[in-house]
Amino acid sequence: MMQSERLKPIIGILGVGNVLLSDEGFGIHFVNLLQQQYQFPDNVLLHDGGTAGIMLSSFVEQCDILLVVDVIDCDDAPGTIHFHSKEDLQAGIIQTRMSPHQVGLLEIIDIGGLSGRTPEFIELLSVTPESLETGLELTPTLSAKMTEMLKLLASRLSYYKINMEPQKPSRSTPATLPLGCI
């Protein structure tokens, strides 16, 4: 069911990458941060895509708007944040897969297009990595870019009339009374 059959468009936020290769895991760490610290309306779906490749097609196909968070290894300084539209992706301006054997985002979009199920709008929010060496943590350079990426995402969601809300604190359990007071 596409947007014309629903009141609100389905907006997917997809973090992709490999958490075993330091900064390559930025998209995954970013989506985890969103899941832990923010709440979204029901029509916003968050997904840790990891390195799932073709397995992401079912998620991509259910979205009217897809925002992908990833790293793009390019000649820019580490930590440089980029924004690319669907047209940029289709024009081949940027690399959409990190290795030759991996199915890239464009291929997933093309597969969905065969059945008429592809997001109307696709945007890539990316950052230039500092290190793609083996490691479970982001470099300090990319860790420091989380806030800037949050601002970019909030701006893009605002464009689509969606607000990011911080998680509400959970209600603490009532304090128990000492046994002598019962």
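These questions and answers walk through a predicted model.

Trainee: How do helix 1 and helix 6 lie relative to each other: parallel, antiparallel, perpendicular or oblique?
Mentor: Start with the angle. Helix 1 (residues 26-37) and helix 6 (residues 146-159) pack at about 70°, with their axes 11 Å apart. Angles from 65 to 115 degrees count as roughly perpendicular. The two helices are therefore roughly perpendicular.

Trainee: Which residues of helix 6 meet helix 1?
Mentor: Take the helix 1 side to begin with. Phe26, His29, Phe30, Leu33 and Leu34 lie on that side of the contact. By class, the contact has 8 nonpolar, 1 polar and no charged residues. From helix 6 come Met146, Met149, Leu150 and Leu153.

Trainee: Which residue in strand 6 stands opposite His84?
Mentor: Look at strand 5 (residues 81-85). His82 and His84 form its covered face, while Ile81, Phe83 and Ser85 form the uncovered one. Strand 5 runs antiparallel to strand 6 (residues 121-127), and 5 bridges join them. Opposite His84 stands Leu124.

Trainee: Is Leu142 buried or exposed?
Mentor: Leu142 sits in helix 5 (residues 140-143). Its relative accessible area is 0%. Buried means under 20%. So Leu142 is buried.

Trainee: How many Å apart are Leu142 and Thr128, C-alpha to C-alpha?
Mentor: Leu142 touches several residues beyond four places away in sequence, including Asp23, Phe26, Val71 and Thr128. Leu142 and Thr128 are 14 residues apart in sequence. In space, C-alpha to C-alpha, their separation is 8.4 Å.

Methods
Residues numbered from 1 in each chain as written. Predicted model: local features only at pLDDT ≥ 70, side-chain atom pairs only at ≥ 80, totals over all residues. Heavy atoms only, no water. Axes fitted to C-alpha atoms, helices over the stretch in contact; angles between N-to-C directions. Helix = DSSP H or I, 4+ residues; strand = E, 2+ residues; numbered from the N terminus. Parallel < 35°, antiparallel > 145°, perpendicular 65-115°, else oblique. Contact = heavy atoms within 4.5 Å. Nonpolar A, V, L, I, M, F, W, Y, C, P; charged D, E, K, R; others polar. Buried < 20%, exposed > 50% of the residue type's maximum accessible area, 1.4 Å probe, protein only. Pairing = 2+ DSSP bridges.
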